[in-house]
Amino acid sequence: MNCEEAKLDLPEYLSHSLNEARELEFAAHIAGCDACRSETERLGSLWKGLSLLPGTMPSPGAEVRERFYESLTAYKHGMASAKPTWRERFAAFWPAVAFAGLAMGVGIGYVARPAGVAQNNGSEVAQLRGEVNSMRQMVALSLMQQQSAGERLRGVSWAYRAEPSDTEVLSALLTTVNNDASVNVRMAAVDALHAFGRSPVTRTAIVQSIPKQTSPLVQIALIDLLVDLKVAEAAPDLKKLSADQSIDASVRERANWALGRLLQ
Amino acid sequence: MAAVSAGEVQKLAVLFERHHRGLFRYFVSMNRSREASEDLVQDVFFRMLRYRASYDAKQSFTAWMYQIARNASVDQAQRRRGEVIGIEEFADRRADGAPGPEESAAQTQDLKLLRQALDRLPPDKREILVLSRFEGMKHEELAKVLDCEVGTVKVRVYRAMRALEQAYSALIGEKTA
């Protein structure tokens, strides 16, 4: 072993990860080479020090673990609500499909094929559409449960792509409107509720949410939504709001204005 | 990870408990920001879920995880380009919060200097030392993570050690001057 080779083996020698023969060669080299022995001692001391450094470093905060388990639960929930993909289904049924195709080819004859293909295409498109919808739902639901407000906003924007009949996305949006820590996310979720406005659940939930809100901005957005959706049955609640002195003055004014619009 | 890859995503919790501190140390060593490092730890485990199908059980899990960690770090740096990131000073402490009997004041001082020397290294040199010494990665694993030959890793680790020695000596010189 020469000095050049010894230098390259030095870190592994210090980590005791050289094989026995190589380690012996290294030891023999430094026994006869002052420069390499001195370097091994100097760097060896730093190498040992490096192994002690992690003990002097900060540990991650407890909330890292909390966030991880929350996110994992959300992900599992998202996975459970997602249907198997078109490819997975195709792979599962491939032997049957192959057999059916063969039987068709032999028994029915080539002329029957165009009609069968057209039918398969139709059901495949429907299946794909269903899968796309469930993927959109999964993405929206997963993102709405993220820690970062930016991610949750993305989740809300995905909710626009969900079907208006999707009760899971509606439920997630209502939870966001009522509980999200960020006013911006809550406001975005209120806007996204427009698409679900036909559902009586949405209409009742909007009315119930207004007094729970701590932000006048969100309260006003909810009142505007009631007007947009023409929720006339909200009139008694709006009357109460407009008379409640504990509520922000601008909210009371807006409730009054909404009453006028709904009772026209 | 093979179980996670096969769909048993709840087993990711085992990997989280085993590796999140090491990942955090790696990120803190590279960016000196607790907040950014905590976000990156989350990001890495999310990416593991997202890309679990790409995991090859024949390869080192640690190498795969640190490949993801490096990508996450690069992505975050790009997102934060232009932002001013506060460099945090972390108090000296052991992981269990109490000084060990073997830990003399002189040793504590030496470790402080060593950490400062490590911080002074260029990121590529700091990274290879952190991965190899803090995380105990073998040269073969490092070659995977850094996408280079094992021979190159040997050269790079040696050079990083020499650079650390120089930085450490310079700090001692500054202290005694």
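Here are a few exercises with worked solutions on the predicted two-chain model above.

A word on conventions: residues are numbered from 1 along each chain as its sequence is written, while chains are lettered from A and ligands numbered from 1 in the order in which they are written. Since the model is predicted, local features need pLDDT of at least 70 and side-chain atom pairs count only at pLDDT 80 or more, whereas totals for chains, interfaces and linings use all residues.

**Exercise 1. Get to know chain B.**
Work out which elements chain B has and where the predictor's confidence in it is lowest and highest by element.

*Solution.* 
- Step 1: list the elements. Chain B has eight helices and zero strands; helices (H or I, at least four residues) and strands (E, at least two) are DSSP runs, numbered from the N terminus.
- Step 2: look at burial. Of the 177 residues in chain B, 33% are buried. A residue is buried if 20 or more other C-beta atoms lie within 10 Å of its own, exposed if 12 or fewer, and partly exposed in between, with C-beta atoms placed from the backbone.
- Step 3: look at contacts, where two residues count if their C-beta atoms, placed from the backbone, lie within 7 Å. Take the contacts in chain B with a separation of 6 or more: 68% of them join residues 24 or more positions apart.
- Step 4: check pLDDT, the predictor's confidence in each residue, from 0 to 100. Chain B has a mean of 82, and 83% of its residues reach 70 or more.
- Step 5: Residues 91-99 of chain B have pLDDT below 50, and the stretch has ten contacts in the model beyond near neighbours in sequence. Where pLDDT is low, the predicted coordinates should not be read in detail.

**Exercise 2. Describe how α1 and α3 of chain A pack.**
Find the angle at which the two axes cross and the residues that make the contact.

*Solution.* 
- Step 1: take the axes, which are lines fitted to C-alpha atoms, for helices over the stretch in contact, with angles from 0 to 180 degrees between N-to-C directions. Those of α1(A) (residues 3-14) and α3(A) (residues 34-52) come within 10 Å and cross at roughly 25°.
- Step 2: name the arrangement. The two helices are therefore roughly parallel to each other; angles under 35 degrees count as roughly parallel, over 145 as roughly antiparallel, 65 to 115 as roughly perpendicular and the rest as oblique.
- Step 3: list the residues. From α1(A) come Cys3(A), Ala6(A), Leu10(A) and Leu14(A), and from α3(A) come Ala35(A), Cys36(A), Thr40(A), Leu43(A), Gly44(A) and Trp47(A).
- Step 4: sort them by class. You get eight nonpolar, two polar and no charged residues. Ala, Val, Leu, Ile, Met, Phe, Trp, Tyr, Cys and Pro count as nonpolar, Asp, Glu, Lys and Arg as charged, and the others, Gly among them, as polar.

**Exercise 3. Look across the interface.**
Say how many residues each chain gives and which helix of chain A gives the most.

*Solution.* 
- Step 1: chain A puts in 30 residues and chain B 40.
- Step 2: α4(A) (62-81) gives the most on the chain A side, with eight residues.
- Step 3: by class, the chain A side has 17 nonpolar, eight polar and five charged residues.
- Step 4: Leu50(A) lies in α3(A) and counts as buried, with 22 C-beta neighbours inside 10 Å. Leaving aside neighbours within four places in sequence, Leu50(A) is in contact with Leu114(B), Leu129(B) and Arg133(B).
- Step 5: note the scores. The predictor gives the complex an ipTM of 0.79 and a pTM of 0.55.
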